[in-house]
Amino acid sequence: MICFSPKDNAFLLSGKQYSYCMYVNGAGFLQHLYYGKKLVPEDIPVLIAAHGKASEPNLNDRDMDMYTSDMPSECGSFGRGDFRSATVIVGREDGAAMSSFRYVSHLIVKGALALPGMPCARRADESLIITLRDSCSDTQVDLNYSVSEDSDILVRSLTVRNVGKQTYEIKKAFSFCTDFPDTCGTYSAMRLSGAWARERAPVTAPLAEGTLRIESTRGYSSHQMNPFLALLSEGCQEESGECYGFALLYSGSFAITAEVTHNRYIRVQGGINDYLFGWQLKGGESFSTPQAALCYSSEGLGGMSRAYHDFFRAYIIDPKRARMRRPVVINNWEATYFDFDNENLFAIIDEAAKLGIDTFVLDDGWFGKRDNDTAGLGDWFVNENKLKGGLKAVIGRCKQNGLKFGLWFEPEMVSEDSNLFRAHPDWAIAKAGVSPCRSRSQLVLDFTRKEVVDYIFEAVSKVLSENDISYVKWDKNRDITENFSASLPQDRQGEFLHRYTLGFYDLAQRLTSAFPNVLFEGCAGGGGRFDGGALYYFPQIWTSDDTDGLERTKIQWGTSMCYPLSSMSCHVSACPNHQTHRTTPFATRGAVASLGATGYELDLTKLSDEEKEQVKAQINNYKRIDELVLKGDLYRLSDPFKGNYFCEMVVSKDKREAYLVGERFRGDPCDHNRVLKLQGLSEDKTYYIEELRLAASGAALMGAGVLYPRLADCGSWTWHIREKDNV
Ligand code: GLA
């Protein structure tokens, strides 16, 4: 609900359990008042009295702008006395860039706000657009807010408009600014940082005076830092205390900053990375930022995660796919790498069918001269020397076996040893006279150029329309370097990285609309582009190249801070694991992989009979619980970063059913009789845990708990829990 109180000149925005409040103060600035537990419009005067008046600039003072540094603001300005970092900075032709944004008008509309060319919340109950005018230039800023009754996510973005005649350069335009004026206690910030094969590890550290900045400068959201930050109030735990989440719905280079000022106010803001950013805005033009999804939780990190999971499933991911059962796939990458032919693929397909797998996914190496990673990218036509009879032969074999077929592409890349590069060397990102940085021996196509995106659209479309393909794995295996396009003039090179991201979104939008029956899975050298923007096009994303049964618990735990289980693609791979060289039990790999869109990534023909029986059992189990994984509420019980156990459970919305997966990392003779308290159940219901043959009330299972199973190294357990009369 969005409420405007004319008497107070205030806006109260509310969702399921939160409210967000701001008002136009006496000086005409849009001042932030409150973000927290749900309030009612009658509370506005209290908020103004408690948080407003004291921080208003002194109206009688002609140096008024000088005092805005203490004013909690909805859009930080520059060069007029607010010395915190600005939200929007616009440079003029003479080089001046100061700003002072004051309220002009507002509009409340039904529904969501469209964001052409970029991913955005697909729906909302209501949206608010507040227009501010810069008193130092001919620029206006629209602050956009969208809310929904059934969601704890507040969606924000902004639009900068040039309402004058001269050309401006936007030097910075973040998506949101949220000031926290009431921070007497200490706050901590949690980021999700990592690396290839170690994505999204939660790292929490107290905030102190100064600025915490998390960012990617790699041209995509990156393995190293996810576009997500949480602010934790003192004492915030997994299931208690207050916290705030800030997630960008953006896949390009980003920055999120948390700035603690001299008076311990905190300003959190973020958006497109402003490092060397610039965007030319001619008279009459406007520029829209990506959206950000903000969340307030009074139920700790778990409450925040569940709110984000509901949001991504209901507002961002394609509604046709979000809750749709996912195919159980067999992917040939770790089984064969580039070394495959009809014979070894057919053997895997035949075996897959016997084990109950739904879809065979042919990974890298099927096209051009792609016998290793030095050649072929960009040549999206089948290598018939390698695959006799082409894709049709492989698809035919799948069909004979009742399997569907999926295919790997890396649409944004080109190998120098490819027909595409030989025909269009200028299509790769490079600067004449500078040897381009190579990574995995490949270059990145210049997606700021429409003709390049058009060509790739046609090439990929041809393969998809000529073959019966139900699944695409869209990979991206390197960072962007050089940050230069020969097609952009000198004074627009600062637009390069954002334009690249818009090119990626353009291709993703066109391909997913042209092939609505294809499930597109995102991937970027594992989980390097796992963000709210990518999820708009890809209902699931390859979580990490690290499929080790122990490491994956950490990666999936961290990823779940913001993203739903249904978005994590999780496979069982061979042991010793190809990344860590560790051997974990087959059952454990299956249990961990069942907490996502599951599949296999190994040579099925090399499995023992016992392992094959395990695959069948795992798939049967998965088909029992996949609805819970897709739609349920996640409770994280044992943190793999902190102790000897990993444990998570998903509970159905009606609390009648739950599924729990646990792993014990080390068999330790002294680590026994530990109690595991379940969560998310209904206290009043009686439940039956199938594997334990135990019936108990929700109150007992959550309050008293049960014992952790005693297991050897990396042993795992799965429990199916049902309400007793539901058994
Ligand atoms: C990336 C992906 C892998 C695989 C390879 C193929 O590393 O993450 O799953 O597809 O590329 O080259």
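I classified the shell around the ligand and found four nonpolar, three polar and six charged residues; Ala, Val, Leu, Ile, Met, Phe, Trp, Tyr, Cys and Pro count as nonpolar, Asp, Glu, Lys and Arg as charged, and the others, Gly among them, as polar. The model is predicted, with local features needing pLDDT of at least 70 and side-chain atom pairs pLDDT 80 or more, while totals for chains, interfaces and linings use all residues. Residues are numbered from 1 along each chain as its sequence is written, and side-chain values use heavy atoms, without hydrogens and water.

Among the 13 residues, Asp 363, Asp 364, Lys 473, Gly 526 and Asp 545 come nearest.

The side chain of Asp 363 places an N or O atom 2.7 Å from one. For Asp 364 the distance from a polar side-chain atom is 2.6 Å, and for an N or O atom in the side chain of Lys 473 it is 2.7 Å. The protein buries 96% of the 300 Å² that the ligand exposes when taken alone (Shrake-Rupley method, 1.4 Å probe).

I searched the whole structure for cavities (sets of points on a 1 Å grid over the protein atoms alone where a 1.4 Å probe fits but cannot get out). Six cavities of 30 Å³ or more were found.

Key: A residue is near a molecule or strand if one of its heavy atoms lies within 4 Å of it. A polar contact is a pair of N or O atoms within 3.5 Å; within protein, one must be able to donate a hydrogen and the other to accept it, and residues adjacent in sequence count only if both atoms are side-chain atoms. On a 1 Å grid over the protein atoms alone, a cavity is a set of points where a 1.4 Å probe fits but cannot get out, and a pocket is an open set with protein on both sides within 12 Å along at least five of seven lines; lining residues have an atom within 4 Å of a point. Grid points are joined across faces, edges and corners, and a volume is the space filled by probe spheres set on the points.
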